[in-house]
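Open the model in your viewer and keep the sequence panel beside it. This tour tells you what to select at each stop.

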Amino acid sequence: MHLLDILQVTKPIFSAPMAGAAGPELVAAVCNAGGYGVIPLWGRPKDQVHRGIDALRALTDRNFAVNLNLSFPYQEQLDACIAEGVHGVSLFWGMEPSAIARAKAGGLKVLASVGNAKEAKTAAKAGADVIVAQGWEAGGHVWGQVSTMALIPSVVDAVDIPVVAAGGIADGRGMAAAMMLGASGVWIGTRLLASSEATIHEVYRDRILLASEADTQWAHDLYDVGWPDAPHRALSNTTSRGWLEAGGSAPGLRPNEDEQIGARPNGDPVVRYQSYTPLPETSGDVEAMSLWSGQGVSLVREMMPAADIVEEIYHDARRLLQRGVSAL
């Protein structure tokens, strides 16, 4: 079945479930623009999952998915999604066929994130409807270590269900390239951090708008407080540079560990090396926090409403693909 038929949307563009940055306003804006929004609700009590779904439904009547992290307890959150009758669920950071089967039995469409073709085959066999193939260029937490350009055709060749490309895609050129590699849609993260609906601190947003493609850094366990053993990509900053200058030492041996560098809006401390997305009301040394970003960040140069970003990427990709026959 075609991706657009599975999702019942008009544009094969997904919002990446950026925890902290992608709230109901951003996800609804992508949905209302014809794309498919994915809201991160993992790690929350069941009642907050219900409230998060209600908040999103108050802003859109379009289909969307709820993102769940398989390395944290997820069963109650999945039950809440089933009870709410949401359209889909996005499962990442693990490969559990039983979770796919449970979601499918509950009537949900399943988007399974993978980092290689073997995982894609496992997910497809378990009943996943869509594979999200995340390349190493991606920002935030990065599951695999294969680049997008090499990963997408490998995964497309391995499964008979639609594949969505994620990692380093920030404009119509990236979308067109992904489609030429066999993808049926694209997963957009960093570009949407510069949307007016993204709930991130202005210091974080300014760093995104000024960064080059070489300004991100992948690390296995740099920002591990609260989420250990989870490789990630973020903008280089004073924390990462100090860590590298000290030899890139392991957790427990890093400079200034446990140092409080700021506070959440509710007053809870933010410590150095914490996995945390700075919100607009976050205080302290925001530049030193985990500023998640993909390598496509150099293509992000303008603040725009999320709907305009979706429209621009879609129409630019469509134009490029239609004229592509004359490229050779």
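Two strands count as paired when DSSP finds at least two bridges between them. Keep that in mind for the sheets below. Note too that this is a predicted model.

**Stop 1: a three-stranded sheet.** Select S12, S13 and S14. They form an open sheet in the order S13-S12-S14, with antiparallel pairing. Strand S13 (269–271) and strand S14 (283–284) are the edges. Each has a single partner strand, so one side of each lacks a neighbour in the sheet. Now zoom in on strand S12, residues 260–263. Three bridges pair S12 with S13 in the antiparallel sense.

**Stop 2: strand S9.** Select residues 185–188.

Strand S1 (residues 13–15) runs parallel to S9, joined by three bridges. Here phenylalanine 14 has tryptophan 187 of S9 as its bridge partner. Strand S8 (residues 163–166) also pairs with S9 in the parallel sense, over three bridges. Click alanine 165: its bridge partner in S9 is valine 186.

**Stop 3: helix H4.** Select residues 75–84. Which residues of helix H4 are buried? They are Gln77, Leu78, Ala80, Cys81, Ile82 and Glu84. Show what surrounds them. The cover includes helix H3 (46–57) and helix H5 (97–105). Strand S3 (64–69) and strand S4 (88–92) are also among the covering elements. Then step just past the end of H4. Glycine 85 takes a positive phi there, about 65°.

**Stop 4: the whole chain.** Zoom out and show everything. The protein chain has eleven helices and 14 strands. Its radius of gyration is 19 Å, close to the 20 Å that the globule rule gives for 328 residues, so the chain is as compact as a globular protein of that length. Along the principal axes, the C-alpha atoms fill a box of roughly 50 × 50 × 35 Å.

Colour by burial: buried residues make up 55% of the 328. Switch to a surface view. The chain exposes about 13400 Å², and carbon and sulfur atoms supply 52% of that area. Finally, colour by charge. There are 25 positive and 36 negative charges, and their mean positions are 6 Å apart.

Notes: Residues numbered from 1 in each chain as written. Predicted model: local features only at pLDDT ≥ 70, side-chain atom pairs only at ≥ 80, totals over all residues. Heavy atoms only, no water. Helix = DSSP H or I, 4+ residues; strand = E, 2+ residues; numbered from the N terminus. Rg over C-alpha atoms; globule rule 2.2 N^0.38 Å. Buried < 20%, exposed > 50% of the residue type's maximum accessible area, 1.4 Å probe, protein only. Areas by Shrake-Rupley, 256 points an atom, 1.4 Å probe, with all protein chains shown as cover. Lys, Arg positive; Asp, Glu negative; His and termini not counted. Charge placed at Lys NZ, Arg CZ, Asp CG, Glu CD. Contact = heavy atoms within 4.5 Å.
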